[in-house]
Amino acid sequence: MAALPVFRWRLAPDGYATRRQLRARGLRPGGQDVAAQLERPRRRREPLVAYLYRVDLAKPVRPMTPAKWAALAKANRARRICPECRQDAGYVIPTSLGACVTCAYPEEQRAA
């Protein structure tokens, strides 16, 4: 296996992009291997590394099907249901609380 070309941070040549940059253009790596990497030096630590893919080999993002939209809506709806009171909270339940605000802080709700 040949070594990957390594570029300094912000100095990659045109034609390469990270996954996020590809996604912003409506593309995906499409099964290609990592073509190069960026390294951002840091003091007294390992450098930050970002992997680059070739833009010319990237493929368009697959469109969402009705089944995928339905599955995503179902998953988001499940994140809104409080596991304690089984009510739709009207917002995504924070994982830090594990329940809706009313169930997480019942003494504050009674005082109000």
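Figure 1. T18 is buried, its relative accessible area being 18%. In this predicted model, T18 belongs to the loop that connects β2 with α1 (19-24). Apart from neighbours within four places in sequence, T18 is in contact with A50, Y51 and L52. A58 stands 40 residues away from T18 along the chain, and the C-alpha atoms of the two residues are separated by 11 Å. T18 is classed as buried because 18% falls under the 20% limit for that class.

Figure 2. Six residues make up the largest nonpolar core: A17, L22, L27, Y53, V55 and A58. When residues up to four places away in sequence are not counted, A17 touches L22, Y51, L52, Y53 and V55.

**Figure 3. A nonpolar patch on the surface.** L4, V49 and Y51 form a nonpolar patch, and together they have about 250 Å² of accessible area. L4 is placed in the segment that precedes β1 (6-8). Is L4 buried or partly exposed? With a relative accessible area of 30%, L4 is partly exposed.

**Figure 4. The salt bridge between R54 and D56.** The structure holds two salt bridges, one of which joins R54 to D56. The closest N and O atoms of this pair are 2.7 Å apart. R54 counts as partly exposed, at 34% relative accessibility. D56, at 54% relative accessibility, counts as exposed. The label given to D56 follows from its value, because 54% lies over the 50% limit for exposed residues.

**Figure 5. The salt bridge between R80 and D88.** The side chains of R80 and D88 meet in a salt bridge, with an N to O distance of 3.2 Å. R80 is partly exposed, at a relative accessibility of 29%. D88 is likewise partly exposed, with a relative accessible area of 43%. Helix α2 spans residues 66-80.

**Figure 6. R10, a residue with positive phi.** R10 has a positive phi of about 70°, although R10 is not a glycine. Most residues other than glycine have a negative phi. R10 occupies the loop between β1 and β2 (16-17). The relative accessible area of R10 is 75%, and the residue is exposed.

**Figure 7. R86, a further residue with positive phi.** For R86, which is not a glycine, phi is positive at about 60°. Where does R86 lie? R86 is found in the loop between α2 (66-80) and α3 (101-104). At 59% relative accessibility, R86 counts as exposed.

**Figure 8. A67 and A78.** A67 has its place in helix α2. With a relative accessible area of 57%, A67 is exposed. A78 is eleven residues from A67 along the chain, and a distance of 17 Å separates their C-alpha atoms.

**Figure 9. The whole chain as context for the close-up views.** The protein contains four helices and six strands. Read from the N terminus, the elements follow the order β-β-α-β-β-β-β-α-α-α. The C-alpha atoms fill a box of roughly 65 × 45 × 25 Å along the principal axes. The radius of gyration is 22 Å, whereas a compact globule of 112 residues would have a value near 13 Å. Buried residues account for 17% of the 112 residues. The accessible surface comes to about 9,000 Å², and carbon and sulfur atoms contribute 52% of that surface. Of the contacts with a separation of 6 or more, 48% join residues 24 or more positions apart.

Methods:
Residues are numbered from 1 along each chain as its sequence is written. This is a predicted model: local features need pLDDT of at least 70, side-chain atom pairs count only at pLDDT 80 or more; totals for chains, interfaces and linings use all residues. Side-chain values use heavy atoms; hydrogens and water are left out. A nonpolar core is a set of buried Ala, Val, Leu, Ile, Met, Phe, Trp, Tyr and Cys residues joined through side-chain atoms within 4.5 Å. Buried means under 20% relative accessible area, exposed over 50%, partly exposed in between (1.4 Å probe, protein chains only). Contact means heavy atoms within 4.5 Å. Patches are made of residues with over 30% relative accessible area and no salt bridge: like charges are joined within 9 Å, nonpolar side chains (Val, Leu, Ile, Met, Phe, Trp, Tyr) within 5 Å. Accessible areas come from the Shrake-Rupley method with a 1.4 Å probe; for residues, only the protein chains shown count as cover. A salt bridge is a side-chain nitrogen of Lys or Arg within 4 Å of a carboxyl oxygen of Asp or Glu. Helices (H or I, at least four residues) and strands (E, at least two) are DSSP runs, numbered from the N terminus. The radius of gyration is taken over C-alpha atoms; the globule rule is 2.2 Å times the number of residues to the power 0.38.
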